[in-house]
Number of protein chains: 2
Amino acid sequence: MQLEEIKSKFERFLRQKGYKITRGRFEIIDKIADYGPHFEIEELVRWIANQNRSIASRSTIYRTVRLLQEFGAIREVIKLGNRTIYEFTAGKPHHEHLICVQCGKIIEFYKEEIEELQDKVCEEHQFTPLNHRLEIFGICSHCKAKSHED
Amino acid sequence: MQLEEIKSKFERFLRQKGYKITRGRFEIIDKIADYGPHFEIEELVRWIANQNRSIASRSTIYRTVRLLQEFGAIREVIKLGNRTIYEFTAGKPHHEHLICVQCGKIIEFYKEEIEELQDKVCEEHQFTPLNHRLEIFGICSHCKAKSHED
DNA sequence: AGCTAAATGAATATCATTTTCAATAGGAGG
DNA sequence: CCTCCTATTGAAAATGATATTCATTTAGCT
Ligand SMILES: [Mn+2]
Ligand SMILES: [Mn+2]
Ligand SMILES: [Zn+2]
Ligand SMILES: [Zn+2]
């Protein structure tokens, strides 16, 4: 289980930054890990609020997600309309996404060659890449099949 | 000059949809074409408002940008924070972007091989791609040089 | 235990974008 | 050219995600 490892690294991160170790922050990490691979903050806020014991307010959840991004355990992966979908990168290898615009399904993929070509492009432009995001929007096989039914 | 061509195709599009041909819509196209390759709507609204004769209200500008997206002359190319950067695709070939997180500079590029690999990935997942966006965030050569000065 | 700065929650603000609604203007038909 | 119907427009208000404010609480040091 690497969740504990991430939490202890996060603890070190907080200490080093002079931030405090609070129960709320670690409970939010647990909830995010429980929630699933991809989430929207509002969705998470509602999900947490619907549980017996509310562990943190909306403000704290937003603040903690920001902190976890700074730390590097969370990244923004899809931006569509006014929605931002995050993911808990927690030891997961880097990857990109196919997003079904019909049903919202998210498929993950990784193509080494695409990554290499990106580095090549950056070199050609003397550009120092920090991060990137490749979003492919389209129709998943399930939705495709369904639309042929009628 | 293909701007005129685009406008006449847009006119056909409007007619076909049962929409009306209004002066405002075409003046907004002219302004967008004048403005530059990439724009944010609020920026455009302010820019248009600062000109002698105001050609359209904020609402109409938003509505027209949406219409032009539907028509296919404009696409969302970068989403960073709460900012959306659009571009007038007006006959321009498809491309992706490098975005300097320091100065905001946008560099365009196109790599045929990346496009092909994307199609391959989609096939592998029986996914029908409609459109995609590859954003590479980093530091441009100019900002890099500047940060080495001190 | 006592002190101080950081964290928290609730309410409020912000910012981009959308919607509402009353007034106006295309454009089809006469 | 006139009339009527409907789409469009502008201004203001609403929305929705996220950020900020501020009074209160808490972590962590002495
Ligand atoms: Mn993912
Ligand atoms: Mn571009
Ligand atoms: Zn689907
Ligand atoms: Zn730069």
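**Close-up 1. Helix α4(A) gives the most to the surface near DNA strand D, with five residues.** Here, "near" means that a heavy atom of the residue lies within 4 Å of the strand, and helices are DSSP runs (H or I, at least four residues), numbered from the N terminus. The model is predicted, so local features need pLDDT of at least 70 and side-chain atom pairs 80 or more, while totals for chains, interfaces and linings use all residues. Residues are numbered from 1 along each chain as its sequence is written, chains are lettered from A and ligands numbered from 1 in the order in which they are written, and side-chain values use heavy atoms, without hydrogens or water. At least two residues each come from α3 (41-49) and α4 (58-71) of chain A and from α4 (58-71) of chain B.

**Close-up 2. Chain B meets both phosphate and bases of DNA strand D.** Look for polar contacts, pairs of N or O atoms within 3.5 Å. A polar side-chain atom of Ser57(B) sits 2.9 Å from a phosphate oxygen.

**Close-up 3. Five residues of chain A hold donors of the manganese ion (ligand 1).** Donors are N, O and S atoms within 2.8 Å of the metal (3.2 Å for Na, K and Ca). His38(A), Glu87(A), His95(A), His97(A) and Glu108(A) supply them, at 1.9 to 2.3 Å.

Terms used: Polar contact = N/O pair within 3.5 Å; in protein donor to acceptor, adjacent residues only side chain to side chain.
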